[in-house]
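Hi,

Here is the structure I promised to pass on.

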Amino acid sequence: MREVVTVQVGGFANFVGSHFWNFQDELLGLADDPSADPMFRNAALDMDILYRAGETHQGVATYCPRLVSVGSRGVNHAVTVFAGSGNVTKSVAKPHERNLFLQSLSEEEQNPSSSNDQNTAKKNVEDKDLVESLENGVKFWTDYSKVQYHPQSLYELYGSWTDFDRFDHYGTAREVVSEWSQMEEMNERLRFFVEECDHIQGIQFIVDDSGGFSSVAAQYLESIADDYTNTPVLLYCVRNPLSYGSSRNQREAITRSLHDAVSFSKLSYYCNLMVPIGLPSLSYSPLLSVKDEKHFHSSAICAAAIHSVSVPLRLQQVGPASDSAHSSGNLDIGELVHVLSDQGRQNMITALDVAMPAPSLADRKDLSNIERSLHCLTPETNDEDEDPYAVESLVVHGALDAGGKRASISQVKDSICSAFEGRATKPKFSNLSVSSCPLPIPLPFPSIFSSSIGQQGEILSSQHPEGTRPKGSLDIVSVPMLARLRSSNAIVPFIERRSASLQRLGMARGTLGSQILRDWGFGKEEVEDMGEHLAKY
Amino acid sequence: MSLRVLNPNAEVLNKSAALHMNINAAKGLQDVVKTNLGPKGTIKMLVGGAGDLKLTKDGNTLLKEMQIQNPTAIMIARTAVAQDDTSGDGTTSTVLFIGELMKQSERCIDEGTHPRFLVDGFDVAKRAVLEFLEKFKTPVVIGDEPDRDTLKMIARTTLRTKLYEGLADQLTDIVVNAVLCIRKPDEPIDLFMVEIMHMRHKFDVDTCLVEGLVLDHGSRHPDMKRRAENCYILTCNVSLEYEKSEINAGFFYSNAEQREKMVAAERRQVDERVKRIIELKNKVCAGGDKNFVVINQKGIDPPSLDLLARAGIIALRRAKRRNMERLVLACGGEAVNSVDDLTEDCLGWAGLVYEHVLGEEKYTFVENVKNPRSCTILIKGPNDHTIAQIKDAVRDGLRAVKNTVEDEAVVLGAGAFEVAAKKHLIDNVKKTVKGRAQLGVEAFAEALLVIPKTLAENSGLDTQDVIVSLQNEHDRGMVVGLNHHSGDPIDPQMEGIFDNYSVKRQIINSGPIIASQLLLVDEVIRAGCWAFASDSASPPAPALQSGRRDCSQQKQIPSRLLLYVSANDQVSSLHLAHANSRGDTHRQLQLQRSTTAMGTVASMCREPMRRRRVEKDLDGKVAAALRERARSRQRAFRSVNSITMRLPRFKDGLRDVKDVFDGFDEDSDGTIDAEELRRCLGKLEVRVSSSEQDAGDLHRYCDLDRRSGIQFQEFVVLLCLMYLLFGPDVTRRVSEFESAKLNYVFDELIDAFLFFDTDGDGQMRRKDVTQRMNEASHQERTPTHITAQLFKEMDLNRNGKVNLKEFLYSMIRWAGIETEDEGTDEEASA
C-alpha cells in the first residue's frame, strides 16, 4: 500500500477538492454498479490509496477520504454589538439554507429504497432541477459535495480579529499563524491520517495561494517538512480567475505582486514539487465553455487536471517489464518528483497542461493534434523557445479510438510514442502513464462542455443542430483525459516575475513595498533570503 | 472642518458624538458579558451559521467567538483578551471595569467636566490602588511543599465561575495536582507539560488526572499486547520504515531477481535498526516478567512492526512531537535519535501500559510511573460542547494555580478587595488630590464597585442593599465580601474565596489606560481607500465642488498633485487640486467646469471636403515639425506628475499673452475673427501655405470650440502652433518682452505632448495616455475610468486620437487661462 494523504487549504482549494472527491466518489460508485461501463469495474485504480476504512462509534463501517481540509469558518457566531443611540442590538446569523442538491442527498440517505427503477423517468426530471439549481446557486464548496468526510477531515480556522472576507494577502493570516493552538490542531489532524498509513507515498497538498491562506499553508508545510522528513509533498497552487482582477490603486497592486512573490517563495521552500494552476481566464478551448466568474466552473477544470495527474499514483503496481491490460506506467509521488525535478534543469516548479477531453486516436496522421490540444493551466508561461532539457510526465486515461471505442493500452502507447517521436524537439526525458479508465462525470458537475462533445467524451466532428446550450453531467457520462506535467524553461517567466517584484518592490529601501513586508512581519534579512531563494531557480 | 475639505467622503464624528459613541460601545459590551460574572452568572449560547453550538460562560471564549463590529468595542475586547493571554483570567472583569469607568465618566462629562481632568484623576487613583493592592494581598508561602489548601481554594474560585459546582470541585483537585506534578523548584512552570486529552465517552464527572501520559493512538499490529505491566519505555525518533535513499543515484536492474536484491539491500538497513532495539529488549527484560514498549516519533512499517511483535515488544508510531518531551518527563529516560545511542539508561519506566478503544479511536495509557514530571488531564464528556466547556475551564484553572505559585500571593475575593479599595480611595486618596481631578478619583472608586454589584445582581440580590451592607462592614474595619447565597457579608478568608493577585493587578492596570484613551478621543474619522469605492451612494454638491480625493490614510495628505475626475453623469468636470503637505492650505485650481464647452464639437465631421483637406495638411505639417523636434530635443518629462506640477507656471507664463490678444482683438468682443486674424498673421510675418485663403484656413483650424471665432484659449493654441512651425521669431514679433518666457512655456507644452505621444506620429491614443499616467508614479495607479475620462475630454472631435492642438487646448484650459465670457457661455449652454 502506498497511501496518499490529501491536504486542502483555502477557499478555492476546497472548491477544487470538492470536485476531486466527487470524481473519486463517482468512480467508487461506478465500480460497484453492474450497469456501468466495464472500464470502471476493471479499472486498475486502487482507491485505498486515497481512502481509508474506518468505523464510527456505533460500529458502522465507513470509507472516507484521507483528507485534511482547512477553511475559514463560514459564518461566525455572529453576535453583533452595535452602538448607535445607546441600545444594543444582538443579531444571530441566519443559518444558510441547504440547497436542493443537499436536500436530495439527505433524503436519499433516509430512504434509500426510493430510487428504484420504476420512477427513473421522474428521477431524471429531478436531476435536471438539481443540475439547474447547482448551476445557479453554488456559493460554498459544500453545496455540491456528495462525499462523506471523516469528522477529523474538516477544520475551520477562526480568528476573532481576522476578517476572512478580506483575507486577500499574505499578511492577513498573521493572527491565525501565530496562534499556536490552531496550527497544533491542524498538525494533529494530519497526524491522525498519517499515523494510520503503513507506508505513505506522499502528501498531495492543494492550496489557494491567492490570499492569506498561503501563509497558513506555508506554516503547515513547514511543520510537515519537520515532522515527516522523507515524505514527498506534491503541491498544487490553485487560484480562481477572479483573483486576477485589476487592482484599484497602486498600493493594492504592490501588495498583490509582493504577495505573489512572498507566497511563492515560502511555499516552494518546503515542498518537493510545485504545480501552479490557475489562469486569469479558463475559456481557452472551443470544446469547453467556462464561466470564469463561477468558482463552481473553474474549479472543475483544475480538479479534473489534478485527478488525471493523480491517476498514475494509484495504478496497480506490477513488475517493471510486464503491463497489465488496463494500465501501465505507475508512479508514486516520490518517483514523480524524482523524474521531474532531479533531472535536466533541477527545476521543481512544473507547468501543467491538460486536454479535456483528449482527442481521439482514430486519425493516425493527425496525432500532432495531441500536442496542440494540450492547454497550459499554469499562468505566465512562455512556450516560445523549446527547451532541450525539458522533462515531462504524460498521463492518458480513457483514450478513445475510432468510432468511440476505447483504445487498448498498447494502442495508446504506440500511437502516443510514435506521435512524440515525430516532434521537432524532443524533451530530454518523458514518462508515459496510461490507464483505460476515463474521467467520470458526476451529477454535481457544471455544464461546461460544448455541444460538440458526445456521451463518452468523443469529439463529434459536425456541429449538432440541437443548439449551443452547454452540456453537463446529464448528457455526458465520462471524458477521456490527457494531462502533462512539464518541467522546462517555459516556467521561467513565472519565476522571474516574482523574483523581480521582490527585488524591485521589497528590497529597495524606504519604499511602500518594504513597509508592507514589515507589516507582514518579515525582517530585512528574511526578505533578502527569500530573494536569494527565488533567484536560485 | 478641515478634514471635510481634505476628504469629503470621510465620515467624521466630532466631540460629543465621538465620546458618546465610545461610551455606548463600552456600555454595550458590558451589558453583553455582565450576566456571566461569578459563580451565579448565566450561560451564553452561541449559534453559528452552520448550526453549531457553543455554550459558555467564559468571557474570553465569548469575546473571541463573537463577531464584534463596533470599533470601540473591538478595542475593549482586544484589551480584555490580551488580559487573558497574559494572566489567564479576568476577561469579564476587565470589560465590566472599563464599561463602568466610561459610565461614571459620562455622568461627569454631561455635567461639563473636561475629560482631561477625569483622566488625570484615573491616573492618580490607579497608582494609589496598585499601592493599596500591595498592602492588601495575602502572601502565600510557596516553599518546596506549597500549601495545597490555598491552591485548592484559588482553583475552586476560578473553576466555579466557569462550571457548575459539583464538577468544579472535582476539577479543583485535578488541576492543583497537575500543576504540582509538573512543578520543578526554581524553574518556571511550563503548562504544556500537562497534556489535555479528551474522550467522547461516559460523563463529565469521569474526567480524571492520569499521572503519566495518554496517547491518542495505539499499536498497529494485531499480535501486540493490549495490556502490559512493568514496562520499559523507549522513547525514540528513529525511522523504522523502508525509505528510498535520499541520494539520487540511478539504479538499473534488468530482471526481477536483481530488483528483489536491491530492495532487500535497502530493507536490510531498516531491519538492522529494528534488531538493535530487539537486542536491547532482550538484554533488559531477560528472565523477568518485564515488558518493553517503543514509542516512536517517526513511522514504523508493517515488516518492522512484525519483527517487533514477534519479539514481544509493543510499538507505537508517529507520536506527537510534544509527547516525546512529556514522555521523558513522565517516565524518565531520554529520547533517542539514533539506534547507536541505545543503552539501558535511555529507557523510562511505567508500571502499566494499556490500550483503550473507542470506535476507531485508540488511546494508550502509560500509567504508574515513578516520579512523574508530566501528567495528563483526561477530559470525558458525552458531547463536544461539554468537552469544550471543561477544556476552557481546566485551562483557566491551571493558569490560576500557576499564577499563585509564581506570585506567592493571593487577593481576597468575593468583592472584598474592590470595596476596600474604594474606601481607601475615598477616605485617603481623594483628599490628597487638588482640583477637579478629584472627580476622576471619585469616578474610579465608584467604578470599582461594579464587581460586587454585578455579583449581587447575578445572584438575584438587591444591589443597593448589598453595597450598603458591605460598605458598612468595611467602615467598621472588617474586610468582607459578598455571600452570593444569602447576600450577607462574609469573610472571604473563612470561605476560601481568593482571586489571583496578578489578575487583579492586570485589571487595575489595563482598564484605566484604555478608558482614558477612549475618553480623550475627540474625533472619529473613517477615511481611506474604500471610501472611494462606494461612490454611488453619494455626494452632495459640496463634495463635488471640491472634487473627490483619495486620502490613503487618516489625515495623511500626500504632498503631491492628485489628478482626479469625478465620474458623475451630469457634470463631468476636471479638477486639478494641488494639495500640499499642510493639508489645510491646499490650493485648488478649478477654473473650468462643465463639459458643454468642449463636449459638443461633434459637428466638425460634417464639414466640406476642402476644409478637411486643409486640416489634414496642417496636421501633417504639425506632425512633421513634432517629429523633427522629437529627434532634436531630449525627453524633458519623466512623469505625469512633473507635467501637472508645471501647470501653475504655464498659467503665469501665459497671463501676459492676454494683452497681445486684446491688441489683435480690435473690436474687443473677445474673439478674433477671420479679418483680424489676417492682420495678425501679417504682423507675425508667417505664411502657412501659398494659398490666398491662408488666414481663413488657419482660422478654421484653430477654432476648436463651438463658438465661432478664435477666443483667447484658442489664440494661445495658435501661437503655440506658430511657434512650433516657424520658430522663436514668432514670439519675438508678438512681444519682445515676453518672448523668452513664452518660448519656455511653449517648449514645455510641446514636450508634454511628446511625452504622451509615445510613437511619435503626432497623435496620442488612449492607451498611450493610460500607459503614461501609470508608468512612472510609484505611489498610485490612476483608475481606468479616470484616464478614460481624461482622454475623452481631450479628444475634442471624438475620433479616438488627440493631436497637438486638442492637447494644447485642453492643457491651457486646465492650467486655468480663462476666457472672459465664461459665465455667459455657461448660461447659454445650460
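Among contacts in chain B between residues at least 6 apart in sequence, those joining residues at least 24 apart make up 73%. Please keep in mind that this is a predicted model. Chain B contains 33 helices and 23 strands, and 43% of its 830 residues count as buried.

One residue I looked at is B:Ile174, which sits in helix α8 (residues 165-182) of chain B. Is B:Ile174 buried or exposed? B:Ile174 has 23 C-beta neighbours inside 10 Å, so it counts as buried; the cut-off for that is 20 or more. Leaving aside residues up to four places away in sequence, B:Ile174 touches B:Thr207, B:Cys208, B:Leu209 and B:Ile377.

The axes of helix α5 (residues 91-110) and helix α14 (residues 437-448), both of chain B, come within 9 Å and cross at roughly 140 degrees. That angle is why α5(B) counts as oblique to α14(B), and the crossing is right-handed. On the α5(B) side, the contact is made by B:Phe97, B:Glu100, B:Leu101, B:Gln104, B:Ser105 and B:Cys108; α14(B) contributes B:Leu439, B:Ala443, B:Phe444, B:Glu446 and B:Ala447. Sorted by type, the residues of this contact between α5(B) and α14(B) are seven nonpolar, two polar and two charged.

Note on methods: Residues numbered from 1 in each chain as written. Chains lettered and ligands numbered in written order. Predicted model: local features only at pLDDT ≥ 70, side-chain atom pairs only at ≥ 80, totals over all residues. Axes fitted to C-alpha atoms, helices over the stretch in contact; angles between N-to-C directions. Helix = DSSP H or I, 4+ residues; strand = E, 2+ residues; numbered from the N terminus. Parallel < 35°, antiparallel > 145°, perpendicular 65-115°, else oblique. Left-handed = near helix turned anticlockwise from the far one by under 90°. Contact = placed C-beta atoms within 7 Å. Nonpolar A, V, L, I, M, F, W, Y, C, P; charged D, E, K, R; others polar. Buried ≥ 20, exposed ≤ 12 C-beta atoms within 10 Å, placed from the backbone.
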